[in-house]
Amino acid sequence: MEPLKILLLGSGGREHAIAWKLSQSSLCGKLFIAPGNAGTEACGENVNIAYNDFLAIQSLCLREHIDLVIVGPEEPLVNGICDYFKSDAALRNIALIGPSREAAQLEGSKAFAKAFMHRHHIPTASYREFDLSNYEEGVEYLRSLPIPIVLKADGLAGGKGVIICQNHVEAMAEFELMIQQAKFGDAGKKVVVEEFLKGIELSVFALVDGKSYVLLPEAKDYKRIGEGDTGLNTGGMGAVSPVPFADAVFMEKVRTRIIEPTVKGLQQEKFDYKGFVFFGLISVNNEPFVIEYNCRMGDPETEVVIPRLQNDLVELLMAASQQRLSEIEVRIDPRAAATVVAVSGGYPGNYQKGYEIDGLDILSEDDVIIFHSGTANEDGTVVTNGGRVLAVTSYAETVSKAAQRSSIIMEFLDFHGMYYRTDIGYEFR
Ligand code: AMP
């Protein structure tokens, strides 16, 4: 294969990890990242284009003769970037990693995802969906449910659309806010009410080509801001891979009951899906259930999954695009990986940007990688530019040793207001 010209869309830690891996491939001729961050500059060329600006993306692809586009975040996928490429004669032949708008509804609509799981007998919490048309029925239904009660706004709500209500009064109030007052906008006026599942969560990732799939390393992320999983929800404060409780027996259940029926279901329903599927799972007494689908990789999970992947990523993505994944064998680094995320002071609430980040250049160990998230290069100085600022990934024999190593490395890094959790992977110590 000739080296390819590649465009990666996004600007987070996930994209830095993907760019880092792509740039190691002999098949990567030239890599553009739009818009990227200060870290991705070391892997390719950042282009100042927003990932939702399809017109600007189109002209970049044509100008630079791009062969492969990888879509990092969900928004352009849910907005139909795949269909946009397919409907344009000049873009049609570019390989694009990500599902069609219709298939991206697996993430874009909770009701769509639940109905899909139902059709294909994929284990998930029992549920019903409500909107203004059956609002009163919904209130009756809520009354009849045991607590806690899980309410989910149907559409994308920036990770905030799920509310776990500890009593009926709260559930009724939230239900009213979502449907009557459009708390999460129009897309949240439809609400999925779900049975609460008690168990341990993990994330499993597959790359699918429409016919077959390959399984990537699994991961567990840590969403709460505080140590011991306390406090507000964030985009993710850290992640580990592998997940010690996901043994061979459990993973076989995941494959046969969840991944294979999902891939078959996508094929049966003729969805155009060449891309990553993120399975948000919960283990209830060692039985896996799907909590959610995402139609892209997770962040910060990618920062541990990609470093453990030994295959050439460009080769893998081209195989997905050409429906050749059945020929591929995934090789995984036997070492564990853990990532710890440093965030701006105040996050996930209000925070300031623009603080200089110290210590980035001191590192030379080969079992530690710093992935940038919210960073920017201001005239040669790397400054904070978001809530989640950077992720330190380490390899070690066990996830807890890897996490400890990342915490130690954090001590050498500094920016005003910097905060990180020191207990990532705590359950596995
Ligand atoms: P989601 O956006 O669907 O991933 O939901 C966000 C979080 O809410 C999940 O990561 C779980 O921690 C929690 N959650 C969602 N659905 C359920 C459920 N049915 N039972 C228990 N927890 C849930």
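Q: Is Glu-292 buried, exposed or partly exposed in this predicted model?
A: Let's look at the cut-offs: buried means under 20% relative accessible area, and exposed means over 50%. Glu-292 has a relative accessible area of 26%. That puts Glu-292 in between, so the label is partly exposed.

Q: Which residue forms a salt bridge with Glu-292, with the closest N and O atoms 3.8 Å apart?
A: Glu-292 sits in strand β15 (residues 287–294), and its partner lies in helix α6 (residues 110–119), so the pair ties together parts that are 182 residues apart in sequence. The cut-off for a salt bridge is within 4 Å. With the closest N and O atoms 3.8 Å apart, the partner of Glu-292 is Lys-110.

Q: Which strands stand at the edges of the five-strand sheet?
A: Here's the layout: an open sheet runs in the order β12-β13-β16-β20-β17, with antiparallel pairing. An edge strand here has a single partner strand, so one side of it is left without a neighbour in the sheet. The edge strands are β12 (220–226) and β17 (368–372).

Q: In β20, which residue is the bridge partner of Thr-339?
A: Strand β16 covers residues 336–343, and it pairs with β20 (residues 388–396) in the antiparallel sense over eight bridges. In β20, the partner of Thr-339 is Thr-393.

How values were computed: Residues are numbered from 1 along each chain as its sequence is written. This is a predicted model: local features need pLDDT of at least 70, side-chain atom pairs count only at pLDDT 80 or more; totals for chains, interfaces and linings use all residues. Side-chain values use heavy atoms; hydrogens and water are left out. Two strands pair if DSSP finds at least two bridges between them. Helices (H or I, at least four residues) and strands (E, at least two) are DSSP runs, numbered from the N terminus. A salt bridge is a side-chain nitrogen of Lys or Arg within 4 Å of a carboxyl oxygen of Asp or Glu. Buried means under 20% relative accessible area, exposed over 50%, partly exposed in between (1.4 Å probe, protein chains only).
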